[in-house]
Amino acid sequence: MAEGQFGNCKGCRYFANQNPQSASETHRCMQPELSEFELEVSGESGCNAYEARASVGTPVYEEPSPSMH
Ligand code: SF4
């Protein structure tokens with residue numbers, strides 16, 4: 001996998017919902033090399049396969065929300 005820059009799913013072209021209403025929404029990651037894992041990611045998740053959507057400018061990294069256990 002190419003090493004891209006890190007960014008949040010909510011601004012990523014591979015996030016299944018291209019117009020999330022809330023950063024906490026979860027949707028599929030459609031990144032070609034990750035889609036086989038059928039990942040459900042929240043808008044606040046992220047990874048280094050991030051690619052900005054055309055409509056999104058420079059990504060601003062935000063800490064993921066603490067998960068509830
Ligand atoms: S997991 Fe990575 S590739 Fe998939 S939507 Fe989030 S930032 Fe994009």
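Me: Which residues make up the largest nonpolar core of this chain?
Reply: Happy to start there, with a note that this is a predicted model, where local features need pLDDT of at least 70, side-chain atom pairs count only at pLDDT 80 or more, and totals for chains, interfaces and linings use all residues. Residues are numbered from 1 along each chain as its sequence is written. A nonpolar core is a set of buried Ala, Val, Leu, Ile, Met, Phe, Trp, Tyr and Cys residues joined through C-beta atoms within 7 Å. The largest one has 7 residues in all: Cys 9, Cys 12, Tyr 14, Phe 15, Cys 29, Val 41 and Tyr 50.

Me: Is Thr 26 buried, exposed or partly exposed?
Reply: Thr 26 is found in strand S2, residues 26-28. It touches Glu 40, Val 41 and Ser 42, not counting residues up to four places away in sequence; two residues are in contact if their C-beta atoms, placed from the backbone, lie within 7 Å. A residue is buried if 20 or more other C-beta atoms lie within 10 Å of its own, exposed if 12 or fewer, and partly exposed in between. Thr 26 has 17 such atoms within 10 Å, so the answer is partly exposed.

Me: What is phi of Glu 38 near, in degrees?
Reply: Glu 38 has its place in the loop between S2 and strand S3 (40-42), and it is exposed because 8 other C-beta atoms lie within 10 Å. Most residues other than glycine have a negative phi. Here the value is positive, in a residue other than glycine, and phi is near 50 degrees.

Me: How far apart are the C-alpha atoms of Arg 53 and Gly 11?
Reply: Arg 53 lies in the segment after strand S4 (46-47). Leaving aside neighbours within four places in sequence, Arg 53 is in contact with Gly 11, Cys 12, Arg 13 and Gln 18. Arg 53 and Gly 11 are 42 residues apart along the chain, while their C-alpha atoms are separated by 6.2 Å.

Key:
Helix = DSSP H or I, 4+ residues; strand = E, 2+ residues; numbered from the N terminus.
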